[in-house]
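Please brief me on this chain.

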Amino acid sequence: LLAWQCALTTRAYGLCEDGPGEEIGEGDEIATYTEWSLPCVDFEGAWESLIFDDDEVKTRLLRYATAALLFGERGVDAQLISWNRVVLLHGPPGTGKTTMCKALAQRLSIRFNHIYSSSVLVEVNAHSLFSRWFSESGKLVSKLFGKIQELLEDEDSLVFVLVDEVESLAAARKSAANGSEPSDAIRVVNALLTQLDALKSRPNAIVLTTSNITEAIDLAFVDRADIKCYIGPPGMRARYEILRSCVLELIRRDLVQGAEPMEFDDGVAKGCPVSLTLREAAEACDGLSGRALRKLPFLAYSTV
């Protein structure tokens, strides 16, 4: 695109500093869901901190979610064009799936603040939906989605529903089918799927799901997802850029001193000593997740 073919749009926003709120079921110690008002301080900078080998991952997800909300806003007939507003991110632990969901919700809450005056992220604790008391699990699901439906009643509010580690639901269905779990468990999962389907009619709702075990993803969820994105371990370029961002932060905070490493291609091309050393470190970190890589600078600093 040329400069005169683009339109620049700016959005002003304020960050919520209240922190998350939790809903704990009666007699339980585990919260059934956690709620954030968006945009919030907790997720500020999360989008920029996500580094992948494929730069299109973030762009693809953002374009999908933007289109899904736009179709709902314009009242596109779902009988003619079908979309569920369900995202599924899957891959090994520590690759940034949950962070991606939260960062995406934060970014969309800002991008659409001219349409929706408020935005909320509701993170569902899938494990908490299975009560130790027979028939109580169904009540937990109903109570949870009753709260979500209340939020959606406000058409000026954009609601994101995050179901983390959705494979736990698949395991429950399989165990129930084999007879190792009470029939109550499979009814709960079916009820949850039904409730998710009910969100399809809400133009101001987006469902974000993650799974650590690709093989265990329930086919019922897979069928409902409009977009399925694999988030794998970081490759060489991503590992380098993750470590580079950590080094730059340490320099900025005056915890270490020295020359700043250059971007991946520039550092190699210009033979920058610091960049070449960092490249060797990135090569040695092959197989580590993004989460593990971001812990390394602290662990290294603590041993000096």
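Here is the briefing, from the whole chain down to single residues.

This is a predicted model: local features need pLDDT of at least 70, side-chain atom pairs count only at pLDDT 80 or more, and totals for chains, interfaces and linings use all residues. Residues are numbered from 1 along each chain as its sequence is written, and side-chain values use heavy atoms, without hydrogens and water.

**Overall build**
- The chain has eleven helices and seven strands (DSSP runs: helices H or I, at least four residues; strands E, at least two; numbered from the N terminus).
- Of its 304 residues, 43% count as buried (under 20% relative accessible area; exposed is over 50%, partly exposed in between; 1.4 Å probe, protein chains only).
- Among contacts (heavy atoms within 4.5 Å) between residues at least 6 apart in sequence, 77% join residues at least 24 apart.

**Backbone exceptions**
- Most residues other than glycine have a negative phi, and most peptide bonds are trans.
- Leucine 38 and proline 39 are joined by a cis peptide bond, with omega about -10°.
- Proline 39 sits in the loop between β2 (31–38) and α1.
- Glutamate 165 has a positive phi, near 50°. Its loop runs between β5 (157–163) and α5 (167–177). Glutamate 165 is partly exposed, at 31% relative accessible area.
- Aspartate 254 also has a positive phi, about 60°. Its loop lies between α8 (236–252) and α9 (264–269). Aspartate 254 is exposed, at 57%.

**Aspartate 55**
- Aspartate 55 lies in the loop between α1 (46–49) and α2 (56–73).
- Aspartate 55 is exposed, with a relative accessible area of 62%.
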